[in-house]
Amino acid sequence: MMNGAAGSIFSNVDDLSQWMLLQLNKGKFGVDLKKQLFSTVNHREIWRMHTVMSADPNPRYNSHFSGYGLGWFLSDVIGNLKVEHTGGLPGMLSNTVLIPDLNFGVVILTNTSYDGAGLFSSVANAITDDYLGLDNFNWVDKYATYFKQRES
């Protein structure tokens, strides 16, 4: 049986890298960024908080807000906007993280099920932390402990 992706999108790292660049460039794309898929006004609306959520109290990131825009989770890390989303179906999990203030983006694609969520989150967090200049937080160990405690 064939499953359609949650957003009806089948993609790969190359496609998602281009898509992240489009997001980081506020809808512009192409060699000279002269093409525009969506306006700056629409881009602001996409990344505007529509649903307020509780901010992560982890002092590591000094976060002040958290919420959901149009298809994106929004928060701040060390004074920078963080835009991210995960996706998944059985056997496929993904995590996309953007920090537009730093022109940074990372996408993690895995062939795993939901019990592998700690893996793709650990990798995304470790890469993001390294880019932000933070110390090694041992994300893999933290997630492993978290998931073991949930099983109990």
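The model is predicted, with local features requiring pLDDT of at least 70 and side-chain atom pairs pLDDT 80 or more, while totals for chains, interfaces and linings use all residues. Residues are numbered from 1 along each chain as its sequence is written, and side-chain values use heavy atoms, without hydrogens and water.

**Aromatic residues**

The structure contains 6 aromatic pairs; rings of Phe, Tyr and Trp (its six-membered ring) pair if their centres lie within 6.5 Å, and planes under 30 degrees apart count as stacked, over 60 as edge-to-face and the rest as tilted. Trp19 and Trp72 are stacked because their ring centres lie 5.2 Å apart and their planes stand at 15°. This pair joins distant parts of the chain, 53 residues apart: Trp19 belongs to helix H1 (residues 13-24), and Trp72 to the loop between strand E4 (66-68) and strand E5 (73-77). Helices (H or I, at least four residues) and strands (E, at least two) are DSSP runs, numbered from the N terminus.

Trp72 is buried at 3% relative accessibility, whereas Trp19 is partly exposed at 33%. Buried means under 20% relative accessible area, exposed over 50% and partly exposed in between (1.4 Å probe, protein chains only). Together with Trp47, Trp19 and Trp72 form one aromatic cluster.

**Charges over rings**

A charge sits over a ring if NZ of Lys or CZ of Arg is within 6 Å of the ring centre and within 35 degrees of the ring normal.

| Lysine | Ring | Distance from ring centre |
|---|---|---|
| Lys82 | Tyr61 | 6.0 Å |
| Lys142 | Phe137 | 4.6 Å |

**Ser63**

Ser63 lies in the loop between strand E3 (51-53) and E4, and is buried with a relative accessible area of 19%. A polar atom of the Ser63 side chain lies 2.5 Å from the backbone oxygen of Asp76. Beyond neighbours within four places in sequence, Ser63 is in contact (heavy atoms within 4.5 Å) with Ala55, Asp56 and Asp76.

**Nonpolar cores**

A nonpolar core is a set of buried Ala, Val, Leu, Ile, Met, Phe, Trp, Tyr and Cys residues joined through side-chain atoms within 4.5 Å. The largest has 12 residues, among them Tyr61, Leu93, Phe104, Ala124 and Trp139. Strand E7 (92-99), strand E8 (104-110) and helix H3 (117-132) each give two or more residues to this core. A second, separate core of 10 residues includes Met20, Trp47, Val83 and Leu98.

How values were computed. Polar contact = N/O pair within 3.5 Å; in protein donor to acceptor, adjacent residues only side chain to side chain.
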